[in-house]
Amino acid sequence: MQYDVAVIGAGPAGSTAARYCAMRGLKTLLLDRRRFPRPKTCGGGVTTAALNAIGFPLPADIVRGHIKNLCSHIGNKTVRISHTRVFMITVDRSEFDNYLVKKAVDAGAQFHQDECVTGLAREGNVFSIRTPNNCYRAASIIGADGVHSATARLTGLKNSRKNCALCLSLDIPAGLDNRQSETIQVYYDLVPRGYGWIFPKGDRISLGVGGFTGNYALLGNALQKVAVIAGINLPGNIKGYYIPCGGQTKKCFSDGVILAGDAAGFVDPFTGEGIRFAVISGMLAGETVWNCFRNGLSLKKENLAGYMKKCHRAFLRDFRCSLLLSRAFFSLPSAMQGLLFHNADNYSRLLHILEGRSTYRKYLKSLLARLPKYCVKKTCQTQG
Ligand SMILES: Cc1cc2nc3c(=O)[nH]c(=O)nc-3n(C[C@H](O)[C@H](O)[C@H](O)COP(=O)(O)OP(=O)(O)OC[C@H]3O[C@@H](n4cnc5c(N)ncnc54)[C@H](O)[C@@H]3O)c2cc1C
């Protein structure tokens, strides 16, 4: 059998792409190297904007926490924000990803698990996709196989780890009171260009640190500090994971192939949020392939180029502002952090970005507008 599209990787990007294509009647194959539900280390924070992008409600038993409060710690300063609305839910990624795959299968996608893609070759207009057990054929490929994307490697759309943050993270049982179960804790100053976190997930917490350093020992010490704050003992041997959140730079498509989600480097450079952009890019990748089929166009790269334009409009343009904020925040710590934290309102408006009600561009503009007042205040404080 020849498929119209083979989606490689069944995380949020892949299951969304597969669901989109199958719903429109394309013969859709979804492959993953793991058996589902599979474990996935992640903070599990799904923002309101991500939920809106998903476009259907999640069953109540998949939602582990409703987050309304943000508590940020920098040095000995703490900024607490109680938001009026839930701006994020938390999930266990194995349950969440499994549910998204179920939705893709319900829409008509064929899901083959335990199938690790090891080879891709294009003969004429058809790809052969090799796994240790099988060889599949498809007219197009959506590579949604994560940060170490085999699709990117096998099709020459190389991804480098240069722009990746390194994270250490784990989920651990914890007893939380009501307030704690609605509050995320963020710790700056622990690692270069990054942060530590505690995210509540019902009867557990996700604990982690991530930043732009390859220094595993430094991250380990930072994680230990967060563990002490959380009052837990760390188990040994905590694995490191990469997040491609350095700002996307590389090419994400070629003849018959599109990359989506982490495979394309689509993670917010400031927060490390990736689920939202995996879902949006998965949907846009599916839409681009579907448009080719619908309009009788070949799957040559000229006809797939619209994908990048759509991603630019949807989020990549704003990633530039996020990257700018991230660089300013972490390289001019006292000035930027002073500006952000001296006024809880400045900081709380960041939550509007997580809700999809604002953008980094608007946020930076409003910060710049407040800069003169902040400078005058600082000068007055210094002088007297
Ligand atoms: C420690 C940590 C914490 C994070 N916390 C958050 C958070 O709180 N909120 C948030 O929004 N984002 C968070 N992220 C980022 C988020 O996890 C990713 O951006 C998101 O999972 C990307 O989705 P994806 O579908 O592109 O890739 P993935 O979710 O990585 O899925 C890729 C899939 O491809 C499969 N695969 C890989 N290789 C092959 C192959 N050769 N053949 C077949 N299948 C293959 C894998 O098994 C996997 O199922 C975090 C990341 C890390 C590392």
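Colleague: Let's start with a helix. Which residues of α3 are buried?

Modeller: First, a caution. This is a predicted model, where local features need pLDDT of at least 70, side-chain atom pairs count only at pLDDT 80 or more, and totals for chains, interfaces and linings use all residues. Residues are numbered from 1 along each chain as its sequence is written. Now α3: Arg 93, Phe 96, Asp 97, Leu 100, Val 101 and Ala 104 are buried. Buried means 20 or more other C-beta atoms within 10 Å of the residue's own; exposed means 12 or fewer, and partly exposed is in between, with C-beta atoms placed from the backbone.

Colleague: And where do those residues sit around the axis of α3?

Modeller: The buried residues of α3 fall within an arc of 135°, so they line one face of the helix. The arc is that of the directions from the helix axis to the C-beta atoms.

Colleague: Why would residues a few places apart point the same way?

Modeller: An α-helix has 3.6 residues a turn, so residues three or four places apart point the same way.

Colleague: What do the buried residues of α3 pack against?

Modeller: They pack against α1, β2, β7 (88-91) and β8. Contact here means that the C-beta atoms of two residues, placed from the backbone, lie within 7 Å. The names come from DSSP runs, numbered from the N terminus: helices are H or I with at least four residues, strands are E with at least two.

Colleague: How far does α3 reach?

Modeller: α3 has 14 residues and reaches 20 Å from its first C-alpha to its last. That is close to the 20 Å expected at 1.5 Å a residue. The expected span is 1.5 Å times one less than the number of residues. After α3 comes Gly 108, with a positive phi near 120°.

Colleague: Zoom in on Leu 100. What is it in contact with, leaving aside neighbours within four places in sequence?

Modeller: Pro 12, Ser 15 and Thr 16. Leu 100 is in helix α3. It counts as buried because 26 other C-beta atoms lie within 10 Å. Leu 100 and Arg 19 are 81 residues apart in sequence, yet 8.6 Å apart in space, C-alpha to C-alpha.

Colleague: New topic. How many residues surround the ligand?

Modeller: 37 residues surround it, and the closest are Gly 9, Gly 11, Gly 43, Gly 261 and Gly 274. The elements that give two or more residues to this shell are α1 (12-23), β12 (165-173), β16 (240-243) and α6 (275-294). A residue is near a molecule if its C-beta atom, placed from the backbone, lies within 6 Å of it.

Colleague: What classes of residue are in that shell?

Modeller: The shell has 17 nonpolar, 13 polar and seven charged residues. Ala, Val, Leu, Ile, Met, Phe, Trp, Tyr, Cys and Pro count as nonpolar, Asp, Glu, Lys and Arg as charged, and the others, Gly among them, as polar.

Colleague: Which domains does the shell draw at least three residues from?

Modeller: Domain 1 (1-44 + 92-160 + 249-323) and domain 2 (64-89 + 165-243). The assignment also gives domain 3 (332-383). The centres of domain 1 and domain 3, taken over C-alpha atoms, are separated by 37 Å. Domain bounds come from an automatic or database domain assignment.

Colleague: Back to helices. Which residues of α5 are buried?

Modeller: Leu 219, Ala 222, Leu 223 and Val 226. They cover an arc of only 100° around the axis, which puts them on the same side of α5. They pack against β12, β13 (183-187), β14 (195-201) and β15 (204-211). The face turned away from that buried side carries the exposed residues Ala 217 and Val 228. Just after α5, Gly 231 takes a positive phi of about 70°.

Colleague: Now loops. Where is Asp 189, and what is its phi?

Modeller: Asp 189 is in the loop between β13 and β14. Its phi is near 75°, a positive value in a residue other than glycine. Asp 189 is partly exposed, with 18 other C-beta atoms within 10 Å.

Colleague: Last one. Which residues does the cis peptide bond join?

Modeller: Phe 36 and Pro 37, with omega about -5°. Pro 37 is in the loop between β2 (28-31) and β3 (45-47).
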